[in-house]
Amino acid sequence: MIKKELAELKKTMSITNYNIQKICGCYVTLENERVTLPTKRFSNLDEDEMHKYLALFKKSLSGIPEKNYYDLGFPAEEEAPGGCQDALMKLRASVLEDESILEAFYDNIAGTYITDKNYFILLAYGVYDVPSAKQVDGFSDDISTDVYTYLLCSICTVKQTKAHLMLDLGLGDLVDYPGDKAVENPQTAFLFPSFNDRCDDIHEVLYYTKSYSGVDDAFITDFFHCGLPISPVNANSSFAEAIENTFEKDCNVDTVLKINDELKERADEFDRVSDPDIDVLKLSKKEMVDILSDCGANNEQVEAFENEFEEKFGDDEVNVNNLIERKTICFKTDDVVIKLNADRTDLIEEVIEDGSRYLKIRVDNELVVNNIIAKRNV
């Protein structure tokens with residue numbers, strides 16, 4: 001799914017445009033104790049409740065591609081009877097009214113979502129009458145619409161609030177409040193089927209995570225049985241290792257900054273031309289090799305990088321946003337941390353004096369140390 005399709009679905013998560021028909025849920029404790037909430041019609045909720053649920057669902061459709069949400073394709077065996085996709089198809093067809101199917105769904109999540117917190121599984125069934133492209137762009141059209149029926153599952157951490165004093169206006173006094181269980185914004189969510197090309201794609205699920213971690217690796221592997229996406233952290237660390245192994249002794253500050261500048265320039269140019277059908281800039285192995293060659297890599301280093309790329313990324317293209325920091329560049333030693341505007345790499349250089357390494361920073365304007373403007377030594 002692309003941002004444009006996701007934005008279209010998010011617009012329906014409002015009190016005036018919602019298409020969610022039914023919701024249900026299950027509270028799961030660390031001890032795997034469960035409290036199941038019955039299925040109810042969304043339209044029967046009062047408006048305040050609707051707003052709170054819709055806010056959670058909207059969060060489940062938010063974020064940055066390949067940082068917060070990922071397209072997961074089902075392997076063929078998961079579409080056969082007994083597979084994950086097959087189970088989700090049956091759950092969707094049940095319209096959340098078959099208790100045995102719901103219990104099996106909750107059991108599967110409880111057995112594969114490994115966390116050290118209590119959580120709530122919130123499940124919604126929706127039916128979206130997909131308007132024509134002209135209608136979406138603001139033009140009236142008599143073309144018949146497609147119908148997109150979907151499941152949106154949000155897994156939310158449940159936090160025990162602390163006991164505190166509360167002002168009771170009715171009594172006109174402070175009273176003791178023992179605390180309660182507060183449902184937080186979704187940590188994990190998924191939309192099935194994906195809304196690709198503005199219609200349902202039963203071969204994919206859209207997966208959301210607030211912050212990718214080992215919990216996601218385990219859940220994707222054990223619940224969906226899908227191949228793992230390349231997370232931002234893994235992509236960044238793998239790329240850093242590939243560069244270090246490729247350039248070895250030539251992996252100096254100048255080389256690293258050249259590579260960062262080149263990748264950032266390409267990403268900035270991609271953002272400027274802004275293709276609405278492509279969310280992020282991805283580069284192939286060949287394109288990455290061309291960039292390194294432009295940054296001074298010799299034939300031996302190019303060959304080394306090709307091997308590193310294949311080992312770490314296979315045949316996949318890599319998301320540039322997950323390889324570099326586009327806003328700031330961080331220089332670190334055991335005792336020093338320097339953050340530099342990524343557009344001003346011209347301000348810093350590495351120098352060697354008397355066998356010691358130094359970073360020389362040009363100061364073009366005021367220098368502030370601990371909130372104090374430090375004057376130039378004369």
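How do the residues of the lining of the largest pocket divide into nonpolar, polar and charged? They comprise 17 nonpolar, five polar and five charged residues; Ala, Val, Leu, Ile, Met, Phe, Trp, Tyr, Cys and Pro count as nonpolar, Asp, Glu, Lys and Arg as charged, and the others, Gly among them, as polar.

The model is predicted: local features need pLDDT of at least 70, side-chain atom pairs count only at pLDDT 80 or more, and totals for chains, interfaces and linings use all residues. Residues are numbered from 1 along each chain as its sequence is written, and side-chain values use heavy atoms, without hydrogens and water.

A pocket is an open set of points on a 1 Å grid over the protein atoms alone, where a 1.4 Å probe fits, with protein on both sides within 12 Å along at least five of seven lines; lining residues have an atom within 4 Å of a point. A volume is the space filled by probe spheres set on the points, which are joined across faces, edges and corners.

| Largest | about 1,100 Å³ | V256, I329, C330, F331 and K332 |

Helices (H or I, at least four residues) and strands (E, at least two) are DSSP runs, numbered from the N terminus. In the second largest pocket, α7 gives the most to the lining, with three residues.

Seven strands form an open antiparallel sheet in the order β2-β1-β4-β5-β8-β11-β3; two strands pair if DSSP finds at least two bridges between them. Strands β2 (34-41) and β3 (69-73) stand at its edges, each with a single partner strand, so one side of each has no neighbour in the sheet.
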